Amino acid sequence: MKYIFSGITALLFALVSQAQVRLPKLVSDGMVLQRDTKIKIWGWASADEKVTVNFNKKKFKTTTDGNGQWMVTLPAQKSGGPFEMKIDGSNHLTLKNILVGDVWLCSGQSNMQHQLKVHNITYEHDIAKAENADIRQFLVPSNPNVNAAQNDLGGGEWKQANPTNVMEFSAVAYFFARKLYEKYHVPIGIINASVGGTPIEAWTSEEGFKDFPSILNTIEKNKDTAYVNSTNRKSAVAMAAQRAKPETDKGLTSSIKWYATNYEPKGWHQINIPGYWEDQGIKNLDGVVWYRREIDVPASMTGVPAKVFLGRIVDADELYINGQRAGGTGYQYPQRRYPLPAGMLKTGKNIFVVRVTNQSGKGGFVPDKPYFISANNQQIDLKGYWQYKVGDVFLPSGNYVPSINIQNQPTALYNSMIAPYTNYAIKGFVWYQGESNVGNASEYSKLLPALINDWRNKWQQGDLPFLNVQLPNFQEVQYSPSESAWAVLREAQMKALVVPNTGMVVAIDLGEWNDIHPDNKKSVGDRLAFVAEKLAYGENIVFSGPLYQSNEIAGNKIIVKFTNTGSGLVANDGEPLSQFAIAGADKKFVWATASIEGDKVTVWNETIEKPMYVRYAWADNPDGANLYNKEGLPASPFRTDQ
């Protein structure tokens, strides 16, 4: 009887729940609705149930269909608020603190996802002053799904900007919104749908791949749960076999571990921090290297909370202080900022040990980053000579079986993070992505227009403005003309400008050679706002740096013409133009001399008698690229030898 009663109770609860009017997560307290366009409000209830929506002194009625779905369309609203919205069916809902303004979908991978808290030192003052109830963010939770588009999000809520909430805001999106608010003084809503390390394919719907048969084939395969599970089981078994092998790191297998306070270091050598070990005599080592140093700490820095700044480390690290684990990070990109509890540091000698694991490429401590201890408004520099010893050397493994990472599969993030709210009216799209597609950069020239058209088709609001951030400068500087997958990806992003009502921020001066997540997020947001002012708000402004238009060959020179020259072309640093390269029919590029002549640049090299091709800023990190317009916006990289 107990089980029967429980079953009846559950059934009644399910029936009552089904009868309740229910709203999508995005349609909730504190939401920002798009001004000056029709607004759809939708949800679910029982089949054939009457639903009434009251908003801004007007009433709208509808009846659910046979599946219990309902929708009303509100007429265009002027900006303002806060308002209340009441929805009545078999139950009664009241949504409070609603604003009407402009809503932007901000999406992409980690450089869009990066929250202000990650850059809290750089933007400490901006965070402290971030008190604005008219700027709000809805953070879309990640819950990838390769099977079908979902009808609602798994969670999330609207939060208004204040020094606490803004820590969770996308840094780029916040500065973009703030710039627009300062100019137009209308509420700005950010829908933040971004996930680090994800390719563009994950953000596009199945319908968006109609011209990509191989991707459609992958989508169909991934819908077979048995196939996905079988593949991932094989990968897990191979990984487990690797983990099951005995630990071979001498620093952990020694009778006294190398981070212990009673360990006596023998056979250690000198090395500099920061720096890669491959550049300091440890050639071609993938493995584990231990670093050790005794640090003298004054009494004034002990007995209080402290923080250790270890810049960036490639790939993973574990920090030990006086034999205790003080922090660790499992991959290379985050900046290391480890909080220390009061009492971990002691007056006098402290033993710092860092265990660094590197799987490929150069390992060690990335240069040009902060390395210090901070406590009680005092600092101790950690740069300089440490001692090191190799703990382990990794040998290639033949047991690697790739898994299917669901969040990176075609449609996976569209289905769960975009599809649930394509009814929600917006002002436009802001897109910052591409790092994860550098490996198929040439295909990106087709994938990006496909995404733009796909999203516009889903929203059915015409050619909504699409704002794109071109990849910033990154990685080591090449001092000779060379090939670059990052440059090809940037070229693909520029090619997408042929799609109507699109704009691009050039960011090759905003990156950091040693950090794929550069700190300068404010300039990116501000430049995006310039593009929005032009495309979405109709301002007559210079919103872009110079873009390649055409070229002509005149003797031993190539004359390049640009658009978006604004009030004139300049070398922004006052130096001769840099990063132009020229080649003849053999396509062997050499650095060129370049001079500005009106809206054109003349390029030549005396050793190239019959030039045919020219490139500008064609590199992963085109250091010194200095062609700008007088409005202070940089020219986009380009090539003519495609």
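# A walk through a predicted model

At 0% relative accessibility, Ala412 counts as buried, because the cut-off for burial is under 20% relative accessible area. Ala412 belongs to helix α8, which covers residues 412–418. Setting aside neighbours within four places in sequence, Ala412 is in contact with Pro144, Asn145, Val146, Ala202, Ile406 and Gln407. Gln470 sits 58 residues from Ala412 in sequence, and their C-alpha atoms are 24 Å apart in space.

Step back to Thr411. This residue lies in the loop between β23 (384–393) and α8. Thr411 is not a glycine, yet its phi is positive, at about 75°. Thr411 is also buried, with a relative accessible area of 2%.

Now take the whole chain. The protein chain has eleven helices and 36 strands. Its 642 residues would give a compact globule a radius of gyration near 26 Å; the chain has 28 Å, which agrees. Along the principal axes, the C-alpha atoms fill a box of roughly 80 × 80 × 55 Å. Of the 642 residues, 52% count as buried. The chain exposes about 28300 Å², and carbon and sulfur atoms supply 50% of that area.

Consider contacts between residues at least 6 apart in sequence: 76% of them join residues at least 24 apart.

Next come the strands. Strands of a sheet pair through backbone hydrogen bonds, either parallel or antiparallel. Strand β8 (residues 132–139) shows both senses: antiparallel with β9, parallel with β10. The pairing with β9 (residues 158–161) runs over four bridges. There, Arg136 has Gln160 as its bridge partner. The pairing with β10 (residues 188–194) runs over five bridges. In that pair, Phe138 is partnered by Ile191.

Strand β14 covers residues 306–310. Four of its five residues are buried, so β14 is largely enclosed by the rest of the structure. β14 pairs with β18 (residues 337–340) in the antiparallel sense, over four bridges. Lys307 has Pro339 of β18 as its bridge partner. β14 also pairs with β21, antiparallel and over four bridges.

β21 leads on to β22. Strands β21 (residues 371–375) and β22 (residues 378–381) run antiparallel and are joined by four bridges. Ile373 stands opposite Ile380 of β22. The two strands form a hairpin with two residues between them. In the turn, Asn376 has a positive phi of about 55°.

Arg292 is worth a stop. It is found in strand β13 (residues 287–297). With a relative accessibility of 9%, Arg292 counts as buried. Which residues surround it? Leaving aside neighbours within four places in sequence, Arg292 is in contact with Trp258, Tyr263, Pro265, Trp268, Ile351, Phe352, Val353, Trp386 and Gln387. Phe352 is 60 residues away along the chain, yet the C-alpha atoms of Arg292 and Phe352 are separated by 5.7 Å.

Some loops hold backbone details to check. The peptide bond from Ile273 to Pro274 is cis, with omega near 5°. Pro274 has its place in the loop between β11 (269–273) and β12 (275–276). Another cis peptide bond joins Val314 and Asp315, with omega about 0°. Asp315 lies in the loop between β15 (313–314) and β16 (316–321). The loop between β16 and β17 (324–329) holds Asn322. Asn322 has a positive phi near 50°, in a residue other than glycine. Asn322 is buried, with a relative accessible area of 14%.

An open sheet of four strands has the order β31-β30-β34-β36, and its pairing is antiparallel. Its edge strands are β31 (590–591) and β36 (638–639), each of which pairs on one side only. Within the sheet, β30 (residues 580–583) and β34 (residues 613–616) run antiparallel and are joined by four bridges. Phe580 stands opposite Tyr616 of β34.

Conventions. Residues numbered from 1 in each chain as written. Predicted model: local features only at pLDDT ≥ 70, side-chain atom pairs only at ≥ 80, totals over all residues. Heavy atoms only, no water. Rg over C-alpha atoms; globule rule 2.2 N^0.38 Å. Buried < 20%, exposed > 50% of the residue type's maximum accessible area, 1.4 Å probe, protein only. Contact = heavy atoms within 4.5 Å. Areas by Shrake-Rupley, 256 points an atom, 1.4 Å probe, with all protein chains shown as cover. Pairing = 2+ DSSP bridges.
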